[in-house]
Amino acid sequence: MYNVRKIVDDLYWVGGSDHRLELFENIHPIPDGVSYNAYVLLDEKTVLFDTVDWSICRQFLENLEHVLNGRDLDYVIINHMEPDHAASMEEVLLRYPNAKVISTEKSIMMMYQFGFNVEGRTETVAEGDSRCFGKHTIAFVDAQMVHWPEAMVSYDTSNGVLFSADAFGSFKALDGKLFADEVNFDRDWIDEARRYLTNIVGKYGPEVMHLIKKAGTLDIKVICPLHGPVWRKPEDIQYILGKYIKWATYEPEEKGVLIVYASMYGNTESAAQVLATKLVEKGMTNVRVYDVSKTHVSYLVSEAFKYSHIVFASVTYNLQIYPVMKEFLEHLAMLNLQNRICGIIENGSWAPQSGSLIREFLDDEMKQMSIINSELSIISSLQEKDQRDMDLFVDSLLDTMNEE
Ligand code: FEO
C-alpha cells in the first residue's frame, strides 16, 4: 500500500522508514529506526529527487507509482550517491526507461563505480547550473563533503524548497510524522539528530559551514533532507540551523561536564561518581556520566559535541590507555572534535600512566583541547587521602567554567 505525503503544491514525499536495520552504515545503532526520504515534483516534467535504501525499495516504488498516477518519470535528480539513497536508482531506471539522471560529474562517475548502467541517460550539472521543468526551476549548489565528495543540494527557485541531501537530517523513523512541527523535536529528536550529524558528518564541519553560508543567500522556505523530518516553519528552520552551526564549528551547546570512565573492577567508576557528586554539590548539576565499555561510541561522540567539558577517567591496561577509552578518543579525533576543556583521571595498581597517555593524545592528535592543570592519579582505588586532590580537581574544573 502506498504511503505518501504532500509537502507543498506539486511536491510529494515518497520515502519510507525502516525499523529493522540494527546498525546504520553497519556501525551506528539506530534503536528508533531511520527514514530514507525521496521526493517527487509534478510539473510539466516529472522529477524524482533521490531514491532510497534497498531495504525500503518496495514501499518507495509503490509510493512513486501512486504519485505519478500514470505519468511517466522524466528525470531523477541525484543529490547524493551514497547507497542509503541511491541503491534503488537502477530499479527506477529499469521501470521508467525514459527517465534521465541529473547529477554531478563525480556522482555520475560513482554510478559506474557501483555498477549502475546509466549509459546515455545522464546529464551533468555543477554549481550555478539550473534546469526548468515547467513552473519550477531547480538550481544546483555544490555540497562537497556533506557528506561525500560528489554531493550537491538542489533549490527550487519558484517556492524556496531546498533538497538538502544529508544536511539537516536525523536518525529515527518518521512513523507518519513527516514535518518537524509534528513532533517535539527538542524533546524527542534532538539527541538523535546530533548523534547522526556528529558521527556521520562531524569530520566535515568546515564544509557544512560552507554550505550553510551559501544557503544563507537563498530564501529557504522548506528544507527537505534525505533523513528525518522536513522543516517548513521559519522558527524551526532557524532552530536547526542554529544547532548545525554549533556542531559544525565545534562549539559546545551547553556548559556542562561529560564524564566518561573506563573501569575494570568499579574503582575508576567509583571515582567518576565521586567527581559527579562533588560537581553537583558545588552547583554544577549539568553532569552526565557514562561507562565507556557499555555505551556505544556514537552516543559518547554526540555527548562530547554537546558539552563544554569532558573528563576522561581511565584505568591503565597493559601499560596503555584502556582500549575502549582509546577507541573513544580516536573517534573524537577522527571526527575533528575540538575546543573543549578536559580533565583527566588515571588509575593503575603498579604503574598508572593512562593519564599521561591521554594528555599526549589530546595534545598531539586533537585541536584546541585544553587540559586543566589538576590531574588525579589513583592507585587502585580512591582513598580518603585522595580527597584533597579530588577537591582540587573539582575546583579546577569549576574555575574554568567561571572564567568563561
Ligand atoms: Fe544518508 Fe551520506 O548518506
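Analyst: Leaving out residues up to four places away in sequence, Asp-43 touches Arg-71, Phe-133, Gly-134, Lys-135 and His-136, where contact means heavy atoms within 4.5 Å. This is a predicted model, in which local features need pLDDT of at least 70, side-chain atom pairs count only at pLDDT 80 or more, and totals for chains, interfaces and linings use all residues. Residues are numbered from 1 along each chain as its sequence is written, and side-chain values use heavy atoms, with hydrogens and water left out.

User: Is Asp-43 buried or exposed?

Analyst: Asp-43 is buried, meaning under 20% relative accessible area (1.4 Å probe, protein chains only).

User: What is the nearest side chain of opposite charge, and how far away?

Analyst: Lys-135, 5.5 Å away; Asp-43 has no salt bridge, which would need a side-chain nitrogen of Lys or Arg within 4 Å of a carboxyl oxygen of Asp or Glu. Lys and Arg count as positive, Asp and Glu as negative, while His and the chain ends are not counted.

User: Where is Asp-43 in the chain?

Analyst: In the loop between E7 and E8. Strands are DSSP runs of E with at least two residues, and helices are runs of H or I with at least four, numbered from the N terminus.

User: New topic. What is the strand order in the open sheet?

Analyst: E1-E2-E7-E8-E9-E10-E11, seven strands with mixed pairing; two strands pair if DSSP finds at least two bridges between them. Strands E1 (5-8) and E11 (122-124) are at the edges with a single partner strand each, so one side of each has no neighbour in the sheet.

User: How many bridges join E8 to E9?

Analyst: Three, and the two strands run parallel. Val-47 has Tyr-75 in E9 as its bridge partner.

Terms used:
Buried means under 20% relative accessible area, exposed over 50%, partly exposed in between (1.4 Å probe, protein chains only).
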